[in-house]
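Q: Could you walk me through this one while I have it open on my screen? I would like to go from the strands to the core and then to the loops.

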Amino acid sequence: QVQLVESGGGLVQPGGSLRLSCARSGTIFAPYVMGWYRQAPGKQRELVACITSSGSTDYADSVKGRFTISRDNLKNTVYLQMNSLKPEDTAVYYCNAKTLVAGVAGDSWGQGTQVTVSS
């Protein structure tokens, strides 16, 4: 079982920056992909960015050029650097980890961290 704990959310003005962190524990098997999702009120949860175990990344079109996902394998932590934040980035951000161990797929979520972009 993978445990994920997010941190780094908060209130920021438009144009500002935040860095989210997701600390992983509970398994010796590294997830083959980790990602950040977000869910705004009244909307479905959507993928923001993801990073594979080999370091390949992918981003939602709405955040390309503004957000950067990275991982520190020694610290078992994934980061989401968010720059040039916009009010439409306001949402609860969730960390996700997907594992595949002995043919069994795992899909773990953190508790979420609130990001509010407002003046």
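This is a predicted model: local features need pLDDT of at least 70, side-chain atom pairs count only at pLDDT 80 or more; totals for chains, interfaces and linings use all residues.

Q: What order do the strands take in the open sheet?
A: The open sheet consists of four strands in the order β1-β3-β8-β7, and their pairing is antiparallel.

Q: Which strands stand at the edges?
A: Those are β1, residues 3-7, and β7, residues 67-72; each has a single partner strand, so one side of each is left without a neighbour in the sheet. From one strand to the next, the twist averages 15 degrees.

Q: How many bridges hold β7 and β8 together?
A: Six bridges pair β7 with β8, which covers residues 77-82, and the sense is antiparallel. Within that pairing, Ile-69 is found opposite Leu-80 of β8.

Q: Okay, on to the core: which residues have the most contacts inside the largest nonpolar one?
A: The largest nonpolar core has 27 residues, and those with the most contacts inside it are Trp-36, Val-48, Phe-67, Ile-69, Leu-80, Met-82 and Tyr-93. Strands that each supply at least two residues of this core are β3 (18-25), β4 (33-39), β5 (46-52), β7, β8, β9 (91-101) and β11 (113-117).

Q: And which strand gives the most to this core?
A: That is β9, which contributes four residues. As background, nonpolar side chains tend to be buried together in soluble globular proteins.

Q: What does Met-82 touch?
A: Leaving aside residues up to four places away in sequence, Met-82 touches Gly-16, Ser-17, Leu-18, Leu-20, Arg-66, Phe-67, Tyr-93 and Val-115. Of these partners, Phe-67 and Tyr-93 are also listed, like Met-82 itself, among the core residues with the most contacts.

Q: Switching to β9, how does it pair with β10?
A: The strands β9 and β10, the latter spanning residues 104-109, pair in the antiparallel sense over six bridges, and Asn-96 stands opposite Trp-109 of β10. The hairpin they make has two residues between the strands, and Ala-102 there takes a positive phi near 50 degrees.

Q: How many aromatic pairs does a search of the whole structure find?
A: The search finds one aromatic pair. It is formed by Tyr-37 and Trp-109, whose ring centres are 4.9 Å apart and whose planes stand at 65 degrees; that angle is over 60, so the pair is edge-to-face.

Q: Where in the chain do those two come from?
A: Tyr-37 lies in strand β4 and Trp-109 in strand β10, 72 residues apart, so that the pair links distant parts of the chain.

Q: Are they buried or exposed?
A: Tyr-37 counts as buried because its relative accessibility, 16%, falls under the 20% limit, whereas Trp-109 is partly exposed, with a relative accessible area of 35%.

Q: Which rings does the charged end of Arg-45 sit over?
A: The charged end of Arg-45 sits over the ring of Tyr-94, 3.8 Å from its centre, and also over the ring of Trp-109, 4.6 Å from its centre.

Q: What about the hairpin of β4 and β5?
A: There are six residues between β4 and β5 in this hairpin, and Gly-42 in the turn has a positive phi of about 80 degrees. The two strands run antiparallel and are joined by six bridges, with Met-34 having Ile-51 of β5 as its bridge partner.

Q: And how does β5 pair with β6?
A: β5 pairs with β6, residues 57-59, over three bridges in the antiparallel sense, and Ala-49 stands opposite Tyr-59 of β6. Their hairpin has four residues between the strands, and Gly-55 in the turn has a positive phi of about 100 degrees.

Terms used:
Residues are numbered from 1 along each chain as its sequence is written. Side-chain values use heavy atoms; hydrogens and water are left out. Two strands pair if DSSP finds at least two bridges between them. Axes are lines fitted to C-alpha atoms, for helices over the stretch in contact, and angles run from 0 to 180 degrees between N-to-C directions. A nonpolar core is a set of buried Ala, Val, Leu, Ile, Met, Phe, Trp, Tyr and Cys residues joined through side-chain atoms within 4.5 Å. Buried means under 20% relative accessible area, exposed over 50%, partly exposed in between (1.4 Å probe, protein chains only). Contact means heavy atoms within 4.5 Å. Rings of Phe, Tyr and Trp (its six-membered ring) pair if their centres lie within 6.5 Å; planes under 30 degrees apart count as stacked, over 60 as edge-to-face and the rest as tilted. A charge sits over a ring if NZ of Lys or CZ of Arg is within 6 Å of the ring centre and within 35 degrees of the ring normal.
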